[in-house]
Amino acid sequence: MHPKTPLPDYFSNCTHCGFCLAVCPTYKLTGDENNSPRGRLRLWSEEAAGRLPQDKWTDFYTDECVGCLACETACPAQVPYGELFEHTRHDHVSAGRSKPPLALRLAAAAVARPAWFNLALLPARFIRSLGLSIHRFLFKGRPALLQSTAAYARELMQQHRPTGPRVAFLTGCLMEAAFREINFATVRVLIENNVQVVIPEDQTCCGAFQEHSGLAGAEPLRAQNRRAFLPLDVDAVVSNSSGCGYSLGKSLAPERPVRDVLAFLGELGPVRRERAGSRARLYVDLPCHLVHGQKAAGIPQNVLDATGYSWELAPNARDCCGSGGVYNIQKPENARAILAGKSAFLNEAEGAPVILGTSNHVCMMQWHSAGATGLVTRPYEVSHIIQLLDPGAGFAVRATAPASAPC
Amino acid sequence: MNPLPLSSQLKQLLPRGRILDSPAQLAGYAADALGYKSYLPDAVVIPADADELVGFMKGARQLGVPVILRGAGTSLSGGPVAAQGGVVVHTSGLKRIREINVEGFWCEVECGVALNDLDAALKPHGVFYPPDPSSGPVCTLGGNVASNAGGAHCFRYGVTSNYVLGVEVVLLDGSVQRFGGPAGGRGPWREDWKRFMIGSEGTLGAFTRFWLRLLPLPEKVWTLRATYPDLRSIEAAIHALVAHSSYPAAIEMLDPRGVAMVETSQMAVGLPKGSFMLLLEIDGPPALVDARVGPVADLLRHAGSNDVVLSDQDAMRQKLWKARKAAGGLLGQLSPDYVVQDAVIPKSALADVLQLVYDEADAAGIRAVNVFHAGDGNLHPNFLFDSRVPGELEKVELISERLMRRVIEVGGTLSGEHGIGNDKSAYMPLVFGPDSMRLQWAVPAAFNPTHQLNPLKVFQNRRFAT
Ligand SMILES: Cc1cc2nc3c(=O)[nH]c(=O)nc-3n(C[C@H](O)[C@H](O)[C@H](O)COP(=O)(O)OP(=O)(O)OC[C@H]3O[C@@H](n4cnc5c(N)ncnc54)[C@H](O)[C@@H]3O)c2cc1C
Ligand code: SF4
Ligand code: SF4
């Protein structure tokens with residue numbers, strides 16, 4: 001049998017108060033205590049203490065967890081649920097108690113080699129660049145086919161020569177391979193706001209993919225990112241995906257915090273887009289890995305104001321949309337049931353057009369699927385907030401430099 | 001007796017709901033919020049809706065095993081655990097708010113509705129349901145009614161029993177009884193039988209739904225907090241407040257160990273180290289509370305506080321109450337396990353009994369943290385221990401018993417809101433004499449004669465005999 005790694009002792013922090021049940025999407029869905037954070041913690045600790053034999057139901061309930069970490073925010077005892085979950089999931093996968101779907105195993109192997117991954121997803125970029133969407137997760141967009149974000153950033157840096165704070169930017173694996181237009185927009189917004197953008201070319205996938213799926217292989221990726229980011233002379237490391245940012249943050253801790261690009265821009269006070277007369281309305285959903293993982297209060301208000309749209313938080317904006325990293329591939333039925341509750345408001349929402357804005361590409365995929373699979377029957381757009389700040393191709397660096405470099 | 005195995009019988013009774021019976025499915029249901037005490041049930045059922053719960057109860061007698069109702073499992077007294085084995089019935093499928101009648105100031109809810117979900121649904125209508133146990137985010141109204149839950153604001157508003165107009169309950173004889181309804185809540189006991197149900201701790205029947213009394217939301221609230229250097233001065237402040245005409249809605253106290261716990265956590269609100277904190281609220285029409293808040297603050301200062309903070313801002317209010325209400329959970333940052341007592345004492349004995357708690361706990365090398373409903377004299381000494389260390393639980397139990405004896409000497413009683421369950425049943429004979437116990441026993445004997453519902457609770461030897 002696979003040798004199990006012992007569970008950390010702070011397991012025992014859990015006082016069984018049950019506050020976490022109220023926020024857990026799988027408990028809300030099933031009403032089963034075992035499918036709640038308190039329940040899962042109990043199953044793991046009972047097994048670790050030798051009071052509960054290995055049981056397929058423990059494996060089942062572990063697999064059911066979305067990994068949204070809402071329970072961490074709700075927990076007064078500060079039980080590090082995410083760490084315990086990752087640990088257990090990893091153990092279950094390596095012992096064969098849980099088997100991620102083939103597509104995920106292939107993807108986990110591919111993301112470790114960004115060049116291959118970029119090549120493998122060239123068809124996806126091509127189809128998207130034609131303005132087509134052929135899969136429920138592929139939201140609309142026009143990514144560059146061949147030019148990388150790093151090359152693009154170098155080009156714009158040469159052209160505009162911003163003088164403000166220097167940031168190192170994590171371009172991500174899936175983001176770069178499939179949704180590169182979001183990275184391009186991020187580079188434009190940063191440079192327009194007089195931020196110098198550095199893109200270390202030896203960076204790699206943040207490892208979130210492996211963390212979510214329980215597959216091995218995260219450690220070498222973390223080590224490579226430490227080598228790529230830590231020696232850089234920059235004011236901040238930023239990410240435009242709350243999930244990847246959260247994961248890279250764990251890799252670079254404690255030396256270097258990783259900032260969400262929107263929080264970073266919030267401190268600068270970004271250039272505002274004017275949309276006088278627009279009847280559009282922006283509904284903002286907050287990714288779990290932003291509010292529960294990175295423990296951010298939300299997306300800064302001045303950033304949302306700077307989009308120029310009238311906006312409001314989507315109902316239950318802090319609750320999970322069901323995407324959960326790779327959950328919508330591992331547990332599509334649950335993910336859809338969770339999304340059904342979250343997305344129902346879009347059918348009635350006011351605005352022409354209605355825009356659903358968030359700050360994580362995986363959540364964008366999930367939100368897009370609400371329309372593609374018939375949960376939402378009226379048209380709506382899905383956007384990354386950074387895209388709503390995008391000045392487009394012909395922009396100039398803002399005139400006034402920010403007072404000081406935030407970091 | 002039915003010859004079929006238990007799981008097959010359950011499948012017949014619950015065609016749509018869920019039946020859990022493998023060891024890892026039962027493990028999650030082995031405990032309530034006293035996580036260190038574990039009792040594995042034989043099975044768990046999750047009825048899909050109210051009809052299915054009724055159907056289950058109608059056939060449950062034939063099962064020949066104990067039946068234990070469970071809401072959110074936040075009981076602090078061993079209420080919803082299978083002390084004698086049997087089937088745990090989880091009410092998470094019954095979470096409909098059936099009606100909010102604003103004009104009539106009542107609502108009708110199913111037993112599995114979470115308290116804060118009800119609050120959120122009521123708020124836009126300008127009405128509220130006052131009982132506010134700190135477990136509000138998750139505890140259910142079924143659990144609240146079954147334990148006659150209290151909470152901080154019960155000092156002025158009163159506990160759950162003051163707000164239950166009617167209860168629908170299924171008994172094990174299969175009958176569905178409705179005690180009271182939207183117009184309930186008054187009259188001789190023939191009219192008000194529901195009072196037997198409130199606080200019955202799952203020993204009489206399964207509640208399916210309730211009619212609850214609502215009040216208009218107070219127009220304005222002032223939240224005040226004051227810190228004190230010692231027990232005597234904070235006690236003086238409590239006495240003065242209780243006697244004051246402003247009649248606060250809530251009077252809560254945190255001792256220095258509770259204050260330290262809050263201040264070293266993510267909930268820190270800037271309290272001075274080593275202080276005793278009083279948290280209180282006055283509410284009502286703006287003109288009235290604005291006129292009263294000054295004299296109340298003076299009263300707090302006069303009793304010995306030079307640190308009184310007051311606010312009528314909702315953000316500040318939420319922050320202070322969040323810190324207070326998370327205290328039970330915060331204990332987890334200090335210790336793996338805790339036992340909390342729930343005695344109510346005459347307020348004149350407050351300092352005396354608290355001193356006993358500190359002395360006994362210190363002598364035994366056990367940490368005690370006090371966070372409680374001071375206005376009501378409802379103590380909650382939390383004794384921290386580690387169930388993995390042999391002998392620690394026994395020490396805590398010994399201190400608890402000494403405390404209970406003192407509580408009874410000063411004219412106090414066993415439980416203000418958490419119920420007796422099986423955690424406090426051993427103390428029952430200390431409080432109630434044999435005659436009183438005989439009368440109390442007659443109630444479950446009438447509604448649940450074989451004691452199939454929640455056996456070994458409240459009375460130590462109340463056992464289900466097949
Ligand atoms: C952190 C924390 C803070 C707390 N603060 C307070 C507080 O301030 N005030 C307070 O009063 N309590 C408090 N409690 C205790 C507890 O939350 C309450 O007793 C609450 O009422 C229990 O509700 P529940 O839904 O969790 O019920 P459970 O724990 O599941 O059950 C409690 C009892 O109710 C019975 N029951 C449940 N549903 C039904 C039903 N449908 N029909 C018949 N019987 C039923 C059960 O059999 C059991 O005896 C606190 C607990 C915690 C963990
Ligand atoms: S991470 Fe999310 S789904 Fe998993 S236990 Fe916590 S709240 Fe539930
Ligand atoms: S909120 Fe934290 S302490 Fe409470 S039951 Fe959940 S994990 Fe345990």
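Author: In this predicted model, chain A and chain B bury about 2,600 Å² between them, counted as the accessible area (1.4 Å probe) that the two parts lose on being put together, summed over both. Carbon and sulfur atoms carry 51% of that area. The contact, meaning heavy atoms within 4.5 Å, pairs 30 residues of chain A with 39 residues of chain B. On the chain A side, A:Thr15, A:Phe19 and A:Arg42 lose the most area to chain B, and together they make up 22% of what that side buries.

Residues are numbered from 1 along each chain as its sequence is written, while chains are lettered from A and ligands numbered from 1 in the order in which they are written. Local features need pLDDT of at least 70, side-chain atom pairs count only at pLDDT 80 or more, totals for chains, interfaces and linings use all residues, and side-chain values use heavy atoms, without hydrogens or water.

Let us follow chain A from here. An automatic or database assignment sets the domain bounds, and for chain A these are domain 1 (7-94), domain 2 (107-269) and domain 3 (281-388). The centres of domain 1 and domain 2 of chain A, taken over C-alpha atoms, are 31 Å apart. Five residues of domain 1 and nine residues of domain 2 make the contact between these two parts of chain A. They bury about 560 Å² between them, with 47% of it on carbon and sulfur atoms.

Next comes a ligand. Ligand 2 has A:Cys24, A:Pro25, A:Pro37, A:Arg40, A:Cys65, A:Val66, A:Gly67, A:Cys68, A:Leu69, A:Cys71 and A:Tyr81 around it, each with a heavy atom within 4 Å. Sorted by class, this shell has nine nonpolar, one polar and one charged residues. (Nonpolar covers Ala, Val, Leu, Ile, Met, Phe, Trp, Tyr, Cys and Pro, charged covers Asp, Glu, Lys and Arg, and the others, Gly among them, are polar.) A:Leu69, one of the residues around ligand 2, has a phi near 70°, a positive value in a residue other than glycine. A:Leu69 lies in the loop between helix H3 (56-64) and H4 of chain A; helices (H or I, at least four residues) and strands (E, at least two) are DSSP runs numbered from the N terminus.

On a 1 Å grid over the protein atoms alone, a cavity is a set of points where a 1.4 Å probe fits but cannot get out, a pocket is an open set with protein on both sides within 12 Å along at least five of seven lines, and lining residues have an atom within 4 Å of a point. Points are joined across faces, edges and corners, and the volume is the space filled by probe spheres set on them.

The whole structure holds six cavities of 30 Å³ or more.

The largest share, five residues, comes from H6(A). The lining has 28 nonpolar, 13 polar and no charged residues. Domain 2 and domain 3 of chain A both give residues to the lining of this pocket, so it lies between them.

Two peptide bonds close the tour. One cis bond joins A:Ala253 and A:Pro254, with omega about 0°, and A:Pro254 sits in the loop between H14 and strand S4 (258-260) of chain A. Another cis bond links A:Ala352 and A:Pro353, again with omega about 0°. A:Pro353 is found in the loop between helix H19 (332-343) and strand S7 (354-358) of chain A.
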